[in-house]
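Work through the following exercises with the sequence and the coordinates at hand, and settle each step before moving on to the next.

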Amino acid sequence: MGARILVLNGPNLNMLGVRQPQVYGDNSYADVVDVCRRAAAARNAEVEVRQTNDEAELLGWIHDVAREREFSAIVINPAAWTHTSVALADALVIPDVPVIEVHISNVHAREAFRHHSYVSPVAAGVIAGFGIAGYGYAVDRAVDLS
Ligand code: DQA
């Protein structure tokens, strides 16, 4: 199979552009989708971009990757679940595909509770602080790892 990248976004990322623009910038969620599609197209790869505010739905999507084997890598911005969810970290190792963690903001320059990630130990790499451009870097690298 050619590279097929699944980009997953956690809670509140549908509110980009409205939500704390001083932290997350003026770009919308649609712009995130666009960045991912352009990065994939540049590598002749396929990409699917999803967002949910429901942790159970996110876990289900990850389980589907393991069952259906339609994706070669996962790029994920887990948003607040980064810092809270053992269940998410447990799920991400099930499909046995590379995982790249993305954050729009530099979480390490923010509140202490954002410095710890349950996802980073199961990720091939972490991109943080480059705005929505980080999604493009992550998709590009996900293609390399596919
Ligand atoms: C975020 C950083 C998280 O700490 C926060 O909870 C988010 C977005 C980012 O992209 O910078 O919702 O993942």
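For the first exercise, Ala, Val, Leu, Ile, Met, Phe, Trp, Tyr, Cys and Pro count as nonpolar, Asp, Glu, Lys and Arg as charged, and the others, Gly among them, as polar. Keep in mind throughout that the model is predicted.

**Exercise 1.** Describe how helix α2 and helix α5 pack, and identify the residues that make the contact.

*Solution.* Start with the geometry: α2 covers residues 29–42 and α5 covers residues 133–145, and the two pack at an angle of about 30° with their axes 8 Å apart. Because angles under 35 degrees count as roughly parallel, α2 is roughly parallel to α5. The crossing of the two helices is right-handed. On the α2 side, the contact is made by Val32, Val35, Cys36, Arg38, Ala39 and Ala40, while α5 contributes Ala133, Tyr135, Gly136, Val139 and Asp140. By class, this contact has eight nonpolar, one polar and two charged residues.

**Exercise 2.** Locate the positions that UniProt gives as "active site", and decide whether they gather at one spot or lie apart.

*Solution.* The unreviewed UniProt entry places this feature at Tyr24 and His103. They span 80 residues in sequence, yet no two of their C-alpha atoms are more than 9.6 Å apart, so they gather at one spot.

Notes. Residues are numbered from 1 along each chain as its sequence is written. This is a predicted model: local features need pLDDT of at least 70, side-chain atom pairs count only at pLDDT 80 or more; totals for chains, interfaces and linings use all residues. Axes are lines fitted to C-alpha atoms, for helices over the stretch in contact, and angles run from 0 to 180 degrees between N-to-C directions. Helices (H or I, at least four residues) and strands (E, at least two) are DSSP runs, numbered from the N terminus. Angles under 35 degrees count as roughly parallel, over 145 as roughly antiparallel, 65 to 115 as roughly perpendicular and the rest as oblique. A crossing is left-handed if the near helix is turned anticlockwise from the far one by less than a right angle, and right-handed if clockwise. Two residues are in contact if their C-beta atoms, placed from the backbone, lie within 7 Å. UniProt positions are given in the numbering used here, feature names are shortened, and annotations may be inferred rather than shown by experiment.
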